[in-house]
Amino acid sequence: MAETDPKSVQDLTAVVPTEVLQRFPPVWAVLDPRAVDDMSCRIDDLERNIADLMMQAGVEELEGENKTPASNKG
C-alpha cells in the first residue's frame with residue numbers, strides 16, 4: 001500500500017475493495033447537519049462551563065493535561 005492517506009474516493013477505492021466500501025454508507029449520508037451543528041454548540045457551551053468552573057476553583061491549565069491549584073504556585 002503505497003498511499004497511506006487517501007485524499008479522494010478514487011484513492012480510497014485503490015486501497016479498499018469496492019465491495020467493502022459499498023457495505024458502509026458514506027458519512028455525509030448518515031449524519032444530519034442540524035444534529036452536528038447542535039452537538040458543536042453543546043460542546044462549545046461545555047468547554048466554556050468547564051473553563052468557568054476551573055477559574056472558580058482556582059485551577060489553571062499548564063502544559064499538556066497537568067493541572068495545579070493556583071494557590072500552590074510558588
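**Exercise 1. How many helices and strands does the protein chain have?**

Start with the ground rules: this is a predicted model, where local features need pLDDT of at least 70, side-chain atom pairs count only at pLDDT 80 or more, and totals for chains, interfaces and linings use all residues. Residues are numbered from 1 along each chain as its sequence is written, and side-chain values use heavy atoms, with hydrogens and water left out.

Now count DSSP runs, numbered from the N terminus: helices are H or I with at least four residues, strands are E with at least two. You get 4 helices and 2 strands. Reading from the N terminus, the order is α-α-α-α-β-β.

**Exercise 2. Work out what share of the 74 residues is buried.**

Sort residues by relative accessible area: buried is under 20%, exposed is over 50%, and partly exposed lies in between (1.4 Å probe, protein chains only). The buried share comes out at 0%.

**Exercise 3. Find the salt bridges and place their partners.**

Look for a side-chain nitrogen of Lys or Arg within 4 Å of a carboxyl oxygen of Asp or Glu. The structure has 3 such salt bridges.

- Step 1: Arg34 pairs with Asp32 at 3.5 Å, N to O. Arg34 is exposed at 66% relative accessibility, while Asp32 is partly exposed at 31%.
- Step 2: Arg42 pairs with Asp38, with the closest N and O atoms 3.3 Å apart. Both sit in helix α4 (residues 33-57), 4 residues apart, so about one helical turn separates them. Arg42 is exposed at 53%; Asp38 is partly exposed at 38%.
- Step 3: Arg48 pairs with Asp45 at 2.3 Å, N to O. They're 3 residues apart in helix α4, so again about one helical turn separates them. Asp45 is partly exposed at 37%.
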